[in-house]
Amino acid sequence: MAEKYVILPCNGLDKCAGLVTRELALKLHERWDSEIICPVFYRVSEAKYNKLAAERPLLVIDGCPTRCASKLAVEKNLKVARRIIVADEAKKHRIGLNDGLRITDLERRFIDDLFEELNKIEETVRPASENEAVSYNFDYETIQNRKFIFRIPKNGEVFFNENDCWAWVNGNRARIGVTDYVQQNLSDILYFYPPEVGDEIDQFGESGSIESSKAVFELVSPFSGKVVAINDKLATNPELINENPYELGWIAELELTDPEGDKELLIGFERYIEITQKKVEDADVK
Amino acid sequence: MSETTFMGVERNLIDWKPTIDYSKCNYCMDCVEFCPHKVFEVRDNDEIRLIVKNPHNCVVFCRACSKTCGPDALSFPDKNATTQRIKEIRKEMESHG
(Lines give C-alpha, C1' and ligand atoms only; values in the text may rest on other atoms or scores of the structure.)
Protein backbone atom coordinates (compact mmCIF):
# COMPACT_ATOMS: atom_id res chain seq x y z
CA MET A 1 0.00 0.00 0.00
CA ALA A 2 1.20 3.46 -0.86
CA GLU A 3 2.53 5.62 1.89
CA LYS A 4 0.35 8.46 3.08
CA TYR A 5 2.40 11.24 1.62
CA VAL A 6 1.99 14.90 2.18
CA ILE A 7 2.10 16.39 -1.32
CA LEU A 8 3.60 19.72 -2.34
CA PRO A 9 2.59 20.52 -5.95
CA CYS A 10 3.86 23.68 -7.64
CA ASN A 11 0.23 24.33 -8.63
CA GLY A 12 1.44 26.68 -11.39
CA LEU A 13 -1.42 28.32 -13.26
CA ASP A 14 0.53 29.78 -16.15
CA LYS A 15 1.58 26.49 -17.76
CA CYS A 16 -0.17 23.26 -18.56
CA ALA A 17 2.54 21.34 -16.67
CA GLY A 18 1.62 23.29 -13.54
CA LEU A 19 -2.04 22.38 -13.98
CA VAL A 20 -1.04 18.72 -14.26
CA THR A 21 0.68 18.93 -10.86
CA ARG A 22 -2.57 20.11 -9.32
CA GLU A 23 -4.66 17.35 -10.89
CA LEU A 24 -2.12 14.66 -9.98
CA ALA A 25 -2.00 15.92 -6.39
CA LEU A 26 -5.80 15.80 -6.21
CA LYS A 27 -5.85 12.25 -7.55
CA LEU A 28 -3.28 11.16 -4.98
CA HIS A 29 -5.28 12.90 -2.28
CA GLU A 30 -8.44 11.03 -3.29
CA ARG A 31 -6.85 7.61 -3.80
CA TRP A 32 -4.08 7.56 -1.23
CA ASP A 33 -5.63 9.76 1.41
CA SER A 34 -2.64 12.06 1.05
CA GLU A 35 -2.65 15.59 2.38
CA ILE A 36 -1.93 18.52 0.07
CA ILE A 37 0.19 21.57 0.84
CA CYS A 38 -0.98 24.74 -0.89
CA PRO A 39 2.25 26.51 -1.92
CA VAL A 40 0.60 29.93 -1.87
CA PHE A 41 -0.78 29.57 1.65
CA TYR A 42 2.50 28.02 2.81
CA ARG A 43 4.25 31.27 1.88
CA VAL A 44 2.13 33.23 4.35
CA SER A 45 1.52 30.67 7.07
CA GLU A 46 3.94 27.92 7.97
CA ALA A 47 2.68 26.26 11.12
CA LYS A 48 0.05 23.90 9.68
CA TYR A 49 2.19 22.57 6.87
CA ASN A 50 5.42 22.33 8.85
CA LYS A 51 3.61 20.01 11.23
CA LEU A 52 2.20 17.90 8.39
CA ALA A 53 5.55 17.65 6.63
CA ALA A 54 7.19 16.53 9.84
CA GLU A 55 4.64 13.74 10.31
CA ARG A 56 4.57 12.23 6.82
CA PRO A 57 6.99 11.66 3.92
CA LEU A 58 6.93 14.54 1.44
CA LEU A 59 6.21 14.12 -2.26
CA VAL A 60 7.10 17.20 -4.31
CA ILE A 61 5.51 17.63 -7.75
CA ASP A 62 7.06 20.29 -9.97
CA GLY A 63 5.56 21.25 -13.30
CA CYS A 64 8.58 22.63 -15.14
CA PRO A 65 12.36 22.72 -14.58
CA THR A 66 12.08 26.04 -12.75
CA ARG A 67 11.25 23.69 -9.85
CA CYS A 68 9.32 26.22 -7.76
CA ALA A 69 7.93 23.57 -5.41
CA SER A 70 11.38 22.04 -4.83
CA LYS A 71 12.80 25.47 -4.10
CA LEU A 72 9.99 26.10 -1.63
CA ALA A 73 10.78 22.78 0.08
CA VAL A 74 14.44 23.81 0.37
CA GLU A 75 13.47 27.24 1.68
CA LYS A 76 11.28 25.62 4.35
CA ASN A 77 13.99 23.10 5.19
CA LEU A 78 11.80 20.10 4.39
CA LYS A 79 13.16 16.62 3.77
CA VAL A 80 11.88 15.39 0.40
CA ALA A 81 11.07 11.68 0.13
CA ARG A 82 10.19 11.68 -3.57
CA ARG A 83 9.97 14.18 -6.39
CA ILE A 84 8.43 14.31 -9.85
CA ILE A 85 9.03 16.92 -12.56
CA VAL A 86 6.03 16.74 -14.87
CA ALA A 87 7.86 18.22 -17.88
CA ASP A 88 10.55 15.53 -17.61
CA GLU A 89 7.96 12.79 -17.24
CA ALA A 90 6.15 14.12 -20.32
CA LYS A 91 9.37 13.82 -22.32
CA LYS A 92 9.87 10.25 -21.10
CA HIS A 93 6.30 9.45 -22.15
CA ARG A 94 6.85 11.30 -25.47
CA ILE A 95 3.89 13.52 -24.75
CA GLY A 96 3.71 17.15 -25.84
CA LEU A 97 1.67 18.99 -23.23
CA ASN A 98 -0.61 21.60 -24.75
CA ASP A 99 0.23 25.31 -24.71
CA GLY A 100 -3.09 26.34 -23.24
CA LEU A 101 -4.25 26.75 -19.68
CA ARG A 102 -6.76 23.92 -19.62
CA ILE A 103 -5.94 20.24 -19.43
CA THR A 104 -7.38 18.04 -22.17
CA ASP A 105 -8.03 14.30 -22.51
CA LEU A 106 -4.36 13.82 -23.42
CA GLU A 107 -3.18 15.29 -20.12
CA ARG A 108 -5.86 13.36 -18.21
CA ARG A 109 -4.55 10.10 -19.62
CA PHE A 110 -1.01 11.21 -18.78
CA ILE A 111 -2.06 11.93 -15.17
CA ASP A 112 -3.62 8.45 -14.96
CA ASP A 113 -0.36 6.95 -16.25
CA LEU A 114 1.73 8.92 -13.72
CA PHE A 115 -0.57 7.78 -10.94
CA GLU A 116 -0.27 4.13 -12.00
CA GLU A 117 3.52 4.42 -12.17
CA LEU A 118 3.66 5.91 -8.69
CA ASN A 119 1.51 3.04 -7.44
CA LYS A 120 3.89 0.51 -9.00
CA ILE A 121 6.94 2.20 -7.51
CA GLU A 122 5.35 2.15 -4.08
CA GLU A 123 4.45 -1.52 -4.38
CA THR A 124 7.87 -2.60 -5.63
CA VAL A 125 10.33 -3.68 -3.01
CA ARG A 126 13.74 -3.15 -4.54
CA PRO A 127 16.34 -5.86 -4.08
CA ALA A 128 19.52 -4.78 -2.42
CA SER A 129 22.21 -3.65 -4.83
CA GLU A 130 24.72 -6.22 -5.90
CA ASN A 131 28.27 -6.00 -4.69
CA GLU A 132 27.21 -3.83 -1.79
CA ALA A 133 30.19 -4.81 0.32
CA VAL A 134 32.77 -3.72 -2.21
CA SER A 135 36.23 -2.93 -0.98
CA TYR A 136 37.69 -0.01 -2.91
CA ASN A 137 41.06 0.44 -1.22
CA PHE A 138 41.40 3.85 -2.83
CA ASP A 139 44.51 5.85 -2.18
CA TYR A 140 43.85 9.60 -2.43
CA GLU A 141 45.81 12.67 -3.50
CA THR A 142 44.46 15.98 -2.22
CA ILE A 143 44.35 19.51 -3.56
CA GLN A 144 43.62 22.27 -1.08
CA ASN A 145 42.17 25.64 -1.93
CA ARG A 146 41.42 27.84 1.04
CA LYS A 147 39.09 25.79 3.24
CA PHE A 148 38.21 23.31 0.47
CA ILE A 149 39.93 19.97 0.10
CA PHE A 150 39.54 18.05 -3.14
CA ARG A 151 40.40 14.36 -2.96
CA ILE A 152 41.19 12.38 -6.09
CA PRO A 153 41.77 8.60 -6.09
CA LYS A 154 45.04 7.71 -7.74
CA ASN A 155 44.51 4.01 -8.31
CA GLY A 156 45.30 2.79 -11.81
CA GLU A 157 41.88 1.27 -12.40
CA VAL A 158 40.10 4.60 -11.80
CA PHE A 159 39.41 6.68 -14.91
CA PHE A 160 38.04 10.20 -15.31
CA ASN A 161 36.45 12.30 -18.01
CA GLU A 162 36.85 16.04 -18.31
CA ASN A 163 33.29 16.47 -17.02
CA ASP A 164 34.40 15.59 -13.49
CA CYS A 165 33.01 12.07 -13.38
CA TRP A 166 34.95 8.99 -12.36
CA ALA A 167 34.74 5.27 -13.11
CA TRP A 168 36.30 2.44 -11.16
CA VAL A 169 36.79 -0.53 -13.45
CA ASN A 170 36.53 -3.98 -11.95
CA GLY A 171 36.61 -6.73 -14.58
CA ASN A 172 33.89 -6.05 -17.16
CA ARG A 173 32.02 -3.76 -14.78
CA ALA A 174 32.55 -0.22 -13.55
CA ARG A 175 31.09 1.89 -10.80
CA ILE A 176 30.64 5.52 -11.74
CA GLY A 177 30.10 8.74 -9.86
CA VAL A 178 31.06 12.40 -9.56
CA THR A 179 34.32 13.77 -8.21
CA ASP A 180 34.96 15.91 -5.17
CA TYR A 181 35.13 18.95 -7.46
CA VAL A 182 31.44 18.51 -8.36
CA GLN A 183 30.18 17.93 -4.85
CA GLN A 184 32.16 20.88 -3.48
CA ASN A 185 30.75 23.17 -6.16
CA LEU A 186 27.18 21.99 -5.77
CA SER A 187 27.35 22.19 -1.99
CA ASP A 188 24.59 20.27 -0.16
CA ILE A 189 23.12 17.73 -2.58
CA LEU A 190 19.38 17.45 -2.09
CA TYR A 191 18.11 15.27 -4.91
CA PHE A 192 19.35 12.23 -6.75
CA TYR A 193 17.91 11.01 -10.06
CA PRO A 194 19.39 7.64 -10.93
CA PRO A 195 19.33 6.01 -14.33
CA GLU A 196 17.12 2.94 -14.59
CA VAL A 197 18.58 -0.53 -14.15
CA GLY A 198 18.68 -1.97 -17.67
CA ASP A 199 19.31 1.38 -19.39
CA GLU A 200 21.89 1.24 -22.19
CA ILE A 201 24.12 4.28 -21.89
CA ASP A 202 26.51 5.63 -24.51
CA GLN A 203 29.91 6.95 -23.55
CA PHE A 204 29.36 10.55 -22.38
CA GLY A 205 25.62 9.92 -22.24
CA GLU A 206 23.51 11.02 -19.29
CA SER A 207 23.61 8.56 -16.43
CA GLY A 208 21.51 10.27 -13.82
CA SER A 209 21.66 13.69 -12.26
CA ILE A 210 22.09 15.28 -8.88
CA GLU A 211 20.82 18.59 -7.64
CA SER A 212 21.53 21.08 -4.92
CA SER A 213 19.88 24.41 -4.18
CA LYS A 214 22.57 25.92 -6.45
CA ALA A 215 22.45 23.80 -9.58
CA VAL A 216 21.61 20.59 -11.39
CA PHE A 217 24.51 18.37 -12.47
CA GLU A 218 24.06 15.77 -15.18
CA LEU A 219 26.37 12.80 -14.72
CA VAL A 220 28.31 12.27 -17.96
CA SER A 221 29.07 8.57 -18.12
CA PRO A 222 32.78 7.83 -18.64
CA PHE A 223 31.98 4.45 -20.18
CA SER A 224 29.32 2.99 -22.40
CA GLY A 225 27.39 0.08 -20.97
CA LYS A 226 24.25 -1.32 -19.42
CA VAL A 227 23.17 -0.19 -15.97
CA VAL A 228 23.17 -3.25 -13.71
CA ALA A 229 22.85 -1.56 -10.31
CA ILE A 230 22.23 1.83 -8.78
CA ASN A 231 23.11 3.09 -5.35
CA ASP A 232 19.67 2.91 -3.73
CA LYS A 233 20.91 4.56 -0.57
CA LEU A 234 21.22 7.88 -2.39
CA ALA A 235 17.46 8.09 -2.89
CA THR A 236 16.97 8.81 0.79
CA ASN A 237 20.49 9.97 1.62
CA PRO A 238 21.87 12.01 -1.30
CA GLU A 239 24.19 13.73 1.16
CA LEU A 240 26.37 10.58 0.99
CA ILE A 241 27.72 12.10 -2.24
CA ASN A 242 28.96 15.09 -0.25
CA GLU A 243 30.34 12.83 2.43
CA ASN A 244 32.36 10.64 0.06
CA PRO A 245 31.60 10.85 -3.68
CA TYR A 246 33.93 7.97 -4.55
CA GLU A 247 32.88 5.24 -2.19
CA LEU A 248 29.59 5.78 -0.32
CA GLY A 249 28.40 8.13 -3.05
CA TRP A 250 28.79 5.93 -6.12
CA ILE A 251 25.89 6.47 -8.52
CA ALA A 252 25.57 3.43 -10.76
CA GLU A 253 27.27 0.25 -11.84
CA LEU A 254 27.66 -0.55 -15.55
CA GLU A 255 28.34 -3.72 -17.46
CA LEU A 256 30.81 -2.32 -19.96
CA THR A 257 30.26 -2.46 -23.70
CA ASP A 258 33.60 -1.28 -25.11
CA PRO A 259 35.98 -0.59 -22.23
CA GLU A 260 39.18 -0.48 -24.27
CA GLY A 261 37.70 1.79 -26.92
CA ASP A 262 36.15 4.09 -24.30
CA LYS A 263 39.42 4.40 -22.39
CA GLU A 264 40.96 6.19 -25.39
CA LEU A 265 38.80 9.21 -24.55
CA LEU A 266 39.34 9.07 -20.78
CA ILE A 267 42.14 10.33 -18.60
CA GLY A 268 44.00 8.95 -15.62
CA PHE A 269 44.78 10.44 -12.26
CA GLU A 270 47.82 12.50 -13.37
CA ARG A 271 45.97 14.42 -16.09
CA TYR A 272 42.79 14.80 -14.03
CA ILE A 273 44.66 16.31 -11.12
CA GLU A 274 46.23 18.86 -13.50
CA ILE A 275 42.81 19.80 -14.88
CA THR A 276 41.28 20.01 -11.41
CA GLN A 277 44.15 22.12 -10.13
CA LYS A 278 43.56 24.58 -12.96
CA LYS A 279 39.79 24.63 -12.41
CA VAL A 280 40.24 25.19 -8.70
CA GLU A 281 42.59 28.09 -9.37
CA ASP A 282 40.31 29.59 -12.05
CA ALA A 283 36.96 29.07 -10.40
CA ASP A 284 35.85 31.19 -7.56
CA VAL A 285 34.81 28.31 -5.33
CA LYS A 286 33.16 30.00 -2.41
CA MET B 1 38.57 31.24 -17.71
CA SER B 2 37.77 28.13 -19.72
CA GLU B 3 39.96 25.26 -20.81
CA THR B 4 41.19 25.81 -24.38
CA THR B 5 41.21 22.11 -25.20
CA PHE B 6 38.80 19.29 -24.52
CA MET B 7 40.01 15.70 -24.78
CA GLY B 8 43.11 17.02 -26.45
CA VAL B 9 41.11 18.82 -29.15
CA GLU B 10 41.06 22.60 -29.59
CA ARG B 11 37.83 23.76 -28.02
CA ASN B 12 36.93 26.00 -30.93
CA LEU B 13 36.85 22.95 -33.23
CA ILE B 14 34.06 21.34 -31.21
CA ASP B 15 30.52 22.45 -31.97
CA TRP B 16 28.94 22.36 -28.53
CA LYS B 17 26.85 25.28 -27.35
CA PRO B 18 23.28 26.06 -26.33
CA THR B 19 20.77 27.25 -28.91
CA ILE B 20 18.04 29.56 -27.71
CA ASP B 21 14.52 29.03 -29.03
CA TYR B 22 13.27 32.60 -28.92
CA SER B 23 9.67 31.48 -29.45
CA LYS B 24 9.85 29.84 -26.01
CA CYS B 25 12.34 32.02 -24.07
CA ASN B 26 10.65 34.29 -21.53
CA TYR B 27 13.86 36.19 -20.66
CA CYS B 28 13.80 35.06 -17.03
CA MET B 29 17.62 35.05 -17.29
CA ASP B 30 17.94 32.03 -14.97
CA CYS B 31 20.50 30.59 -17.43
CA VAL B 32 22.61 33.74 -17.23
CA GLU B 33 22.56 33.62 -13.47
CA PHE B 34 23.33 29.92 -13.44
CA CYS B 35 26.19 29.60 -15.97
CA PRO B 36 29.56 30.40 -14.36
CA HIS B 37 31.31 30.39 -17.75
CA LYS B 38 29.68 33.54 -19.14
CA VAL B 39 28.29 31.73 -22.17
CA PHE B 40 25.25 34.02 -22.31
CA GLU B 41 25.03 37.79 -22.53
CA VAL B 42 22.09 40.03 -21.63
CA ARG B 43 21.33 42.90 -24.02
CA ASP B 44 18.77 45.02 -22.22
CA ASN B 45 18.43 47.59 -24.97
CA ASP B 46 17.97 45.16 -27.85
CA GLU B 47 14.80 43.48 -29.03
CA ILE B 48 16.54 40.11 -28.54
CA ARG B 49 17.65 40.50 -24.95
CA LEU B 50 19.68 37.32 -24.58
CA ILE B 51 22.34 35.85 -26.84
CA VAL B 52 24.93 33.07 -26.77
CA LYS B 53 27.93 35.37 -26.59
CA ASN B 54 30.79 32.96 -25.82
CA PRO B 55 29.90 29.54 -27.27
CA HIS B 56 33.41 28.16 -26.78
CA ASN B 57 33.26 28.84 -23.07
CA CYS B 58 30.49 26.24 -22.85
CA VAL B 59 31.72 23.03 -21.22
CA VAL B 60 31.46 20.24 -23.78
CA PHE B 61 28.67 17.79 -22.82
CA CYS B 62 27.32 20.11 -20.10
CA ARG B 63 23.58 20.77 -20.49
CA ALA B 64 22.94 22.05 -17.00
CA CYS B 65 21.43 25.39 -18.09
CA SER B 66 18.79 23.56 -20.11
CA LYS B 67 17.88 21.52 -17.03
CA THR B 68 16.98 24.70 -15.18
CA CYS B 69 15.12 26.34 -18.07
CA GLY B 70 11.42 26.56 -17.16
CA PRO B 71 10.11 27.16 -20.70
CA ASP B 72 12.46 24.51 -22.19
CA ALA B 73 13.99 27.06 -24.56
CA LEU B 74 17.58 25.74 -24.62
CA SER B 75 18.81 22.86 -26.73
CA PHE B 76 22.20 21.26 -27.42
CA PRO B 77 23.78 19.22 -30.21
CA ASP B 78 23.54 15.44 -30.21
CA LYS B 79 26.11 13.95 -27.81
CA ASN B 80 26.90 10.91 -29.95
CA ALA B 81 27.55 13.05 -33.03
CA THR B 82 29.80 15.32 -30.97
CA THR B 83 31.75 12.34 -29.58
CA GLN B 84 32.22 10.95 -33.09
CA ARG B 85 33.45 14.33 -34.33
CA ILE B 86 35.95 14.55 -31.47
CA LYS B 87 37.24 11.07 -32.35
CA GLU B 88 37.59 12.10 -36.01
CA ILE B 89 39.54 15.23 -35.10
CA ARG B 90 41.83 13.23 -32.84
CA LYS B 91 42.52 10.77 -35.67
CA GLU B 92 43.25 13.66 -38.04
CA MET B 93 45.64 15.10 -35.45
CA GLU B 94 47.41 11.74 -35.08
CA SER B 95 47.77 11.29 -38.83
CA HIS B 96 49.31 14.77 -39.09
CA GLY B 97 51.80 13.89 -36.37
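Residues are numbered from 1 along each chain as its sequence is written, while chains are lettered from A and ligands numbered from 1 in the order in which they are written. Because the model is predicted, local features need pLDDT of at least 70 and side-chain atom pairs count only at pLDDT 80 or more, whereas totals for chains, interfaces and linings use all residues.

Start with chain A. Its domain assignment gives domain 1 (6-123) and domain 2 (140-282); such bounds come from an automatic or database domain assignment. The centres of domain 1 and domain 2 of chain A, taken over C-alpha atoms, lie 30 Å apart.

Next, a parallel sheet. Four strands of chain A form an open sheet in the order S2-S1-S3-S4, with parallel pairing. Helices (H or I, at least four residues) and strands (E, at least two) are DSSP runs, numbered from the N terminus. Two strands pair if DSSP finds at least two bridges between them. Strand S2 (35-36) and strand S4 (80-85) of chain A each have a single partner strand, so one side of each lacks a neighbour in the sheet. Strand S1 (residues 6-9) and strand S3 (residues 58-62) of chain A pair in the parallel sense over four bridges. Here A:Ile7 stands opposite A:Leu59 in S3(A).

Helices pack on this sheet. Helix H1 (residues 16-32) of chain A touches S1, S2 and S3 of chain A, and its direction makes about 170 degrees with that of S1(A). Helix H4 (residues 68-75) of chain A touches S1, S3 and S4 of chain A, at about 140 degrees to the direction of S3(A). Axes are lines fitted to C-alpha atoms, for helices over the stretch in contact, and angles run from 0 to 180 degrees between N-to-C directions. Two residues are in contact if their C-beta atoms, placed from the backbone, lie within 7 Å.

An antiparallel sheet comes next. Three strands of chain A make an open sheet in the order S10-S12-S13, with antiparallel pairing. Strand S10 (189-193) and strand S13 (216-220) of chain A are the edge strands, each pairing on one side only. Neighbouring strands of this sheet are turned by 25 degrees against each other on average, direction ignored. S10(A) and strand S12 (residues 206-212) of chain A pair in the antiparallel sense over four bridges. A:Ile189 stands opposite A:Ser212 in S12(A).

The largest nonpolar core has 58 residues. Such a core is a set of buried Ala, Val, Leu, Ile, Met, Phe, Trp, Tyr and Cys residues joined through C-beta atoms within 7 Å. A residue is buried if 20 or more other C-beta atoms lie within 10 Å of its own, exposed if 12 or fewer, and partly exposed in between; C-beta atoms are placed from the backbone. Among the residues with the most contacts inside this core are A:Trp166, A:Ala174 and A:Leu254. Strand S8 (residues 165-170) of chain A gives the core its largest share, five residues. Apart from this core lies another, of 35 residues, among them A:Val6, A:Ile37, A:Ala73 and A:Ile111.

A:Asp164 counts as buried because 23 C-beta neighbours lie inside 10 Å.

Turn to chain B. Its secondary structure comes to three helices and six strands, running β-β-β-α-β-β-α-β-α from the N terminus. The C-alpha atoms of chain B fill a box of roughly 50 × 25 × 20 Å, taken along the principal axes. Of its 97 residues, 24% count as buried.

Finally, the interface. In chain B, 17 residues are in contact with 19 residues of chain A. Helix H2 (64-67) and helix H3 (79-95) of chain B each supply at least two residues of the side that touches chain A. The largest share of that side, three residues, comes from H3(B). The residues of this side divide into nine nonpolar, four polar and four charged. Ala, Val, Leu, Ile, Met, Phe, Trp, Tyr, Cys and Pro count as nonpolar, Asp, Glu, Lys and Arg as charged, and the others, Gly among them, as polar.

A:Phe204 touches residues of chain B, including B:Phe61, B:Lys79 and B:Thr83. A:Phe204 sits in the loop between strand S11 (200-201) and S12 of chain A. With 25 C-beta neighbours inside 10 Å, A:Phe204 counts as buried.

Note on methods. Lists of a residue's contacts leave out its neighbours within four places in sequence.
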